Amino acid sequence: MVEKIPADSVGIVSYHDLEIREALTLACGQSLPSYNLRYECYGELNAARSNAILLCHALSGDHHAAGYHSVEDRKPGWWDNMIGPGKPIDTRRFFVVCSNFLGSCKGSTGPASINPATGEPWGLDFPMVTVADWVHTQAVLSDHLGIAQWAAIVGGSLGGMQVLQWAIDFPERLRHAVVIAAAPKLSAQNIGFNEVCRQAIMSDPDFHGGRYYQAGTKPKHGLALARMIGHITYLSDDAMGKKFGRETRGGKQLSYGFDIDFEVESYLRYQGQRFVEHFDANSYLFITKALDYFDPAAAHGGDLAATFAQVRARFLVASFSSDWRFAPERSREIVQALFRAGAAVSYAEIEAQHGHDSFLLPIPQYHRVMRAHFERIAEEQGL
Amino acid sequence: MSQPLRPDLQIIADWIRPGSRVLDLGCGEGELLDYLRREKQVQGHGIEVDDERLAAAIRRGLPVLQQDLDQGLRQFADNSVDTVVLSLTLQAVYYPRELLLEMLRVGREGIVTFPNMGHWRARWQLGVTGRMPMTDVLPHSWYDTPNIHLCTIDDFDALCHDNQIAVLERRVLDDRRRNTAANRVWPNLLGEVALYRCALRQPEEKK
């Protein structure tokens, strides 16, 4: 429970649902007969509708980016340090929207939702959704909100990939694109990690071919394992070393057995167990597949600069020195392709020890760059 | 509304064609780039390694890439911009010759400016007082200076000659930032800042 809502918080917030009754044809060729998009908004949309910022969340994120749902909440939204009155994305100036993507388990339609054709949860029958599909549904939400052009679209990691897709697919609908700790496509190593995570889930005896809802079980063990693997890739060797080293749990002697000896084991198991409480295993499968499939340059013979030929947005790309999941090199690929395409792009390579997770942390130089960038956007719009 | 540019930056700006593509290496807070974008509709990017200066340039709305010039420019394609600018930065890089050649590969033209160690005041300080020169453009003590590759105008001319670099234009500013007739007669003695516009010699021009 939060002691007192801080003054620079957006405060108590609640989500909205946008029910779309029209069928949505997806990139995979299948369609969804109807779907729900869950989203949150912070700040006020101005009369000119020129101050709207869209946030795109990452793998385990959701629409709850800032503030608290109730005073009972232990923690605020996932990007609370970035969004709020006086924060880098200042809600006194900007109207901020964050929507949960399809395939998630956080409120938008996903594999745990009911398939209207069968009256049962979709499970693995849920159609494969892609980053492009997410962006198209966010465009539907933009129409619903009456926002013809976003002042900026912002995202980290998988969120950054959605921002790239936005700039490619809807060049007129965003003035600025902010792409943080992302990559233009996954490497073989990235896909490899995702596959190990999926196998951990699918080989859990409680998985039941994805129909575990009907069986009254959950592939808890597999999903926890997937999260433990993922968590290692989000941190740097350095950060893990600093946080845990070879400390034994409670300073105890080695057990010479297979129970937990080291703090790092205890931490990873705890992270895995916590994750299982609030995340659906099928969603994890679908979202990691969307990551694997993301490759906007594939339609242009692998030429990323040609892919960006039509972009109109001005870009800010940021990466973190210790991120090895989507290393600075991957962001530089994006920057160079944008440069070759003649787009205006800024690039910040931020010294940070916390690996991929850095994009969620209030690192001073990171926030300084974000603050400078959004102050400039506000100034351009006369906000 | 806009402040006048520093005299050396004004000369650089005057050399750049309106509407051209420019890369400003070590752009700092983007004073030159800001001017070029506003007054000459230049499509320009800056490169800056320093965190604070990068943020300041971003605050100005300039496209600026964080990169260490000592890593080279290999990610930029040949002739991908019209002009590459290196303003008062040549003396602070590890590999000045390689960077100069890289500039002229990436840009059709390069503009290089540097503090002239042949200036009479630097000569006086070293030759008569026996101390390492410290001037307005070289304000650091020898032990904490970022300026590790100092040269004179004659040295730079020799570098250009030896590397098939054509000097298209040269200006020299004295210690009051003036471009006087005397400067043109004794540039290596009176010039405190040297400004060069150069390009790679075409093969048929090679001596």
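A181(A) sits in the loop that runs between β12 (176-180) and α3 (188-202) of chain A; here helices (H or I, at least four residues) and strands (E, at least two) are DSSP runs, numbered from the N terminus. This is a predicted model, in which local features need pLDDT of at least 70 and side-chain atom pairs count only at pLDDT 80 or more, while totals for chains, interfaces and linings use all residues. Residues are numbered from 1 along each chain as its sequence is written, chains are lettered from A and ligands numbered from 1 in the order in which they are written, and side-chain values use heavy atoms, with hydrogens and water left out.

A181(A) has a positive phi of about 50°, although it is not a glycine. Most residues other than glycine have a negative phi. With a relative accessible area of 0%, A181(A) is buried (buried means under 20% relative accessible area, exposed over 50%, and partly exposed in between, with a 1.4 Å probe and protein chains only).

L88(B) counts as partly exposed, at 25% relative accessibility.

Back in chain A, look for A112(A) in the loop between β8 (95-99) and β9 (114-115). A112(A) is partly exposed, with a relative accessible area of 35%. Setting aside residues up to four places away in sequence, A112(A) touches P121(A), Y213(A) and D280(A), where contact means heavy atoms within 4.5 Å. The C-alpha atoms of A112(A) and L124(A) are separated by 9.3 Å, and these two residues are 12 apart along the chain.

Now for the interior. A nonpolar core is a set of buried Ala, Val, Leu, Ile, Met, Phe, Trp, Tyr and Cys residues joined through side-chain atoms within 4.5 Å. The largest one has 148 residues, and I180(A) and F315(A) have the most contacts inside it. Not counting residues up to four places away in sequence, the residues that F315(A) touches include L164(A), V179(A), L338(A) and V345(A). A second, separate core has 21 residues, among them V22(B), M117(B), V137(B) and V193(B). In soluble globular proteins, nonpolar side chains tend to be buried together.

Leaving aside neighbours within four places in sequence, the contacts of N188(B) include N116(B), H119(B), R123(B) and D154(B).

Finally, let us see where the chains meet. Chain A and chain B each bring 21 residues to the contact. The area buried between them is about 1800 Å², with 53% given by carbon and sulfur atoms; buried area is the accessible area (1.4 Å probe) that two parts lose on being put together, summed over both. Q336(A), F339(A) and R376(A) supply 30% of the area that chain A buries against chain B, more than any other three residues.

There are three salt bridges between the chains, each a side-chain nitrogen of Lys or Arg within 4 Å of a carboxyl oxygen of Asp or Glu. In one of them, the side chains of R59(B) and E379(A) meet at 2.8 Å, N to O. On the side of chain A that touches chain B, α11(A) gives the largest share, eight residues.
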